Amino acid sequence: MGRFVVKRALFTAAVLFGVALVTFIIFRVAIPDPARVWAGPRASQQTLDALTVRYHLSGPVYLQFYYYLLGLLQGDWGVSPISGQPIFQSIVQYFPATLELTTAALILTLILGVPLGVIAATHRNKPADHTARVISLTGVASPPFLLALVLQFAFVFYLRMVPDSGGRISIFVKPPSQITGFLTIDSLLAGNWPAFLSALQHLVLPAFALAFLTLGLMSRLVRASMLEALVSDYVRTAKAKGLRRAVVVYKHALRNALAQPVTALAISVAYLLGGSVVVENIFSWPGIGRYAAQAALNFDFPAIMGTTIVFAVCVVVMNLVADILLCVIDPRIRLR
Amino acid sequence: MPEPILSIEDLTVTFETLEGKYRALNGINLQVKPLEIVGLVGESGCGKSSLALAVVGLLPVPPAKILRGSILFKGDNLLNCTDVDIEKVRGTGISMIFQEPLTSLNPLLTVGDQINEAITVRLERENSDHNRATVRAGSIEWLRKVGIPDPERALYRYPHELSGGMRQRIMIAMALAESPKLMIADEPTSALDVTTQAQILKLTRKLVEEVKASVLFISHDLAVVAQIADRVAVMYTGMIVEEGSAVEVFVNPLHPYTQALLASYPRRQSINEPLTVIPGHVPSLTRIPSGCPFHPRCSYAKEECKTERPNLREVSGHKVACVLY
Amino acid sequence: MLFSLDKKDIALTLRILKRDPLALVGLIIAVAFCGTAIAVLLFGNSLAPYDPTAINFRIAFQPPSFQHPFGTDDLGRDVLSRVIVATPVDAEIAFAIIGISSIFGMVFGSVSGFLGGYVDDVFMRITDLFLAFPSLVLAIAVAVALGPGVNNVIQANLVVWWPVYARLARAGALSLNETQYVEAGRIAGLSKRAILLKHIIPNDISPILVYGTLDLGNAILYASVLSYLGLGAQPPQPEWGRMVFDGQTYLTGAWWVSILPGLVILIVALGFNLLGDALRDVFDPRYRK
């Protein structure tokens with residue numbers, strides 16, 4: 001299995017290189033004159049010249065790409081013309097928040113989506129199945145802002161169950177010191193109960209709004225996989241052995257059915273990241289998604305490119321993780 | 001005469017497909033006595049597998065529908081049982097092995113895990129005390145009995161790591177470890193090469209005697225059935241056309257279909273002699289001919305064969321369904 | 001498998017619609033959406049109950065009522081009228097995206113799958129590369145690069161949409177390569193281009209058609225998110241996503257201004273999803289037996 005991981009890791013590196021290449025091409029096509037864009041419309045010729053030298057903008061294309069790549073790897077991602085802040089540092093600053101939100105959404109997807117799919121499969125064509133189908137179809141067809149707004153309106157304004165202040169934690173609560181960057185985990189580790197509760201309260205709605213889409217996808221996948229597993233030959237053997245129904249469904253059918261949904265997790269991350277752009281903005285969640293939304297609203301191209309690269313890296317890494325997970329679950333793949 | 005373990009009476013099963021309804025089983029009467037090996041022979045598509053699945057209640061019931069008949073196992077009609085009751089019969093009452101052991105074994109579980117399950121079922125139903133050690137010991141013992149080398153290590157193998165013959169041995173182990181009264185074997189040797197086939201047949205005979213189980217052995221291969229069965233039933237388009245002791249049926253076949261089947265079996269003949277073939281082809285179950293279903297291909301067919309469906313009659317020691325008798 | 005509807009297909013379609021009422025709902029929604037779009041394109045704003053641009057502060061922030069089923073917004077404009085008038089924008093964007101990317105992807109993928117070998121490898125690496133990006137984010141990035149405007153939104157999405165169709169077409173071409181139609185064509189000495197045009201591409205169409213219908217819903221979703229972020233159609237042209245964004249500020253007091261247009265997006269996307277699901281059942285070989 002070690003060889004498999006190494007091979008996949010190398011492949012991942014190649015893909016990341018390709019990502020850098022594509023973003024570089026988009027960059028060059030979109031901005032023929034980067035110096036002027038970065039310096040702002042009122043910059044002096046001196047500033048322009050300095051920028052041209054600094055970013056090697058006058059050399060041949062392949063040289064520019066080389067320095068671009070170098071810059072990417074070294075963390076020099078340029079400066080946002082709108083905020084004036086260096087892009088890489090901003091992204092690093094906002095990254096933990098998005099990580100926490102996305103992880104929460106993934107967890108919700110699993111603990112809600114998988115059971116929903118299992119129920120739909122074991123109660124095929126009965127009301128439970130139809131309900132599950134409607135829920136998942138609605139999830140797939142929802143624009144990311146709709147549920148976020150509805151939830152916000154319902155729980156924050158109407159029912160007043162969740163505090164109004166946006167962000168990750170109430171301003172009246174003392175936040176814990178940063179260990180993992182996850183406010184929920186950090187406050188647990190510090191034993192800071194009020195902070196934990198507040199962080200959780202703020203996390204629930206945006207995580208659920210994000211997870212709604214992927215929840216639907218996951219449940220449909222699990223349902224389809226389960227249905228296939230339930231009519232398979234090995235399930236027939238399990239029944240013929242006289243095993244109890246619960247054992248047949250969970251130990252035999254579900255275990256085999258989960259192989260595909262695991263791969264789906266990687267695709268889920270791509271959707272979650274896309275959705276976070278809108279959801280984080282609505283809930284004022286200080287993550288990369290909100291940073292990207294603000295960048296789009298302000299036509300801040302370098303910033304949006306930075307977030308695109310980060311998101312692409314996340315998706316690629318998650319694909320690798322999913323492949324390794326699949327390898328762990330299915331012994332047949334290990335032999336390859 | 002001892003009571004039969006399994007007694008199927010007038011079993012009729014229909015299947016509903018997009019193309020229409022058809023009868024997979026049409027008035028099947030079959031009995032299996034204790035410690036007896038009954039061979040069920042027929043070409044593909046004659047309904048043998050449907051019969052096997054119907055007995056253990058594994059027919060997919062929305063497309064399939066049991067029209068009438070009864071399946072008596074040790075006196076109880078399985079068709080009147082609830083799902084829970086049938087569950088209890090499976091495994092320790094009636095166990096089953098299938099044709100393709102690769103897909104019939106769970107690819108994600110180790111061999112040991114799967115045999116342990118079978119042994120645990122038996123121990124639980126016997127209300128015996130058991131723990132992981134006793135179950136594991138039982139599994140190792142059974143692996144040894146079916147001839148798997150190095151059983152302790154084999155426990156940790158996955159199905160795809162073993163050969164077809166070994167997988168089938170494991171299926172047999174799982175089936176017999178539960179000490180069933182009846183084992184149904186649905187084409188267990190069809191996916192194996194001839195040498196392995198012979199080994200498996202020998203093994204099955206030996207173990208079945210040891211466990212004191214009866215067998216319903218289903219196959220399309222006459223030679224295989226001849227090697228293992230005490231009694232033989234011949235099936236054609238969902239009906240049993242001849243039934244008797246193996247010796248009787250093979251040496252003195254009465255039904256034209258049985259005769260044709262035996263004649264078409266390749267024998268040591270010279271290269272120039274053409275192979276005997278039954279004219280025509282097996283009708284699809286959706287278009288079974290009226291009267292006696294074999295009449296379009298039968299060289300003895302009479303007028304009445306087109307309209308009258310003959311029942312199984314007792315003739316000189318075994319049963320035949322043909323107007324000739 | 002050829003793209004030809006005969007009596008059996010129609011009978012099967014009717015059976016599926018009867019068995020699954022949701023499919024019928026999807027069909028109705030899809031037809032209503034396209035119909036409204038065409039009607040507005042033909043007849044203009046007069047189709048709406050009220051003038052979508054009429055500003056009247058005295059009736060601003062009216063909740064949904066009989067006279068104004070969707071209420072009025074911050075400038076007193078009837079929300080329902082604006083929603084109706086905005087229909088062709090998303091329709092145009094969605095159909096353009098799916099239409100162009102499916103054609104391009106289909107040609108690209110068919111050629112790649114058919115030719116096989118080195119060409120296929122290179123083409124597929126390129127596709128994989130584009131699939132490595134989270135598509136919504138990439139579309140946003142390209143749209144920002146290109147600037148505001150409907151055409152730029154379409155172009156930005158094309159970049160993101162074509163890989164999936166390329167893969168679909170390639171899969172189809174790969175399996176078709178093995179069939180007898182293509183073998184016969186090769187033996188007959190048909191040029192590669194002829195085989196492509198006559199055999200591979202026409203047979204590839206059904207899965208792409210099915211997927212494309214499903215995808216129309218997604219295209220509408222993407223278009224709405226992009227316009228929510230300020231890319232795409234610019235004011236005064238009403239657009240559903242944009243209306244959601246503009247109405248957000250008034251969420252506490254007048255939820256209908258932003259939520260109702262969002263709901264309309266959901267319903268239309270849902271309709272195409274249901275329709276696509278049903279279409280997939282029609283073309284699924286397992287049902288055709």
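How many residues of chain C are in contact with chain A, and how many of chain A with chain C? The points below take up this interface and then other parts of the structure.

1. Basis of the note. This is a predicted model, in which local features need pLDDT of at least 70 and side-chain atom pairs count only at pLDDT 80 or more, while totals for chains, interfaces and linings use all residues. Residues are numbered from 1 along each chain as its sequence is written, and chains are lettered from A and ligands numbered from 1 in the order in which they are written.

2. Chains C and A. In this interface 37 residues of chain C are in contact with 39 residues of chain A, where contact is defined as C-beta atoms, placed from the backbone, lying within 7 Å. On the chain C side, two or more residues come from each of helix H5 (135–146), helix H8 (192–228), helix H9 (240–248) and helix H10 (256–283); helices (H or I, at least four residues) and strands (E, at least two) are DSSP runs numbered from the N terminus. That side holds 28 nonpolar, nine polar and no charged residues, with Ala, Val, Leu, Ile, Met, Phe, Trp, Tyr, Cys and Pro counted as nonpolar, Asp, Glu, Lys and Arg as charged, and the others, Gly among them, as polar.

3. Chains A and B. Here 16 residues of chain A are in contact with 24 residues of chain B. Helix H10 (233–240), helix H11 (245–257) and helix H15 (331–334) of chain A each supply at least two residues to the chain A side, and H10(A) gives the most, with six residues. By class, the side of chain A that touches chain B has four nonpolar, four polar and eight charged residues.

4. Helices H5 and H6 of chain C. H5(C) packs against helix H6 (residues 150–177) of chain C at an angle of about 140°, with the axes 8 Å apart; axes are lines fitted to C-alpha atoms, for helices over the stretch in contact, and angles run from 0 to 180 degrees between N-to-C directions. The two helices are therefore oblique to each other, given that angles under 35 degrees count as roughly parallel, over 145 as roughly antiparallel, 65 to 115 as roughly perpendicular and the rest as oblique. The residues of this contact divide into nine nonpolar, four polar and no charged.

5. Ile29 of chain C. Ile29(C) lies in helix H2 (residues 21–43) of chain C and counts as buried because it has 20 C-beta neighbours inside 10 Å; the cut-offs are 20 or more other C-beta atoms within 10 Å for buried, 12 or fewer for exposed, and partly exposed in between, with C-beta atoms placed from the backbone. Leaving aside residues up to four places away in sequence, Ile29(C) touches Ile267(C), Val268(C), Leu270(C) and Gly271(C).

6. The sheet of chain B. Eight strands form an open sheet of mixed pairing in the order E6-E7-E8-E3-E9-E10-E12-E11, two strands being paired if DSSP finds at least two bridges between them. Strand E6 (94–97) and strand E11 (313–315) of chain B stand at the edges with a single partner strand each, so one side of each is left without a neighbour in the sheet.

7. Positive phi values. Phe299(A), which is not a glycine, has a positive phi of about 55° and is placed in the loop between helix H13 (288–297) and helix H14 (301–329) of chain A. Asp10(B), in strand E1 (residues 6–17) of chain B, also has a positive phi, near 50°.

Definitions and conventions. Two residues are in contact if their C-beta atoms, placed from the backbone, lie within 7 Å.
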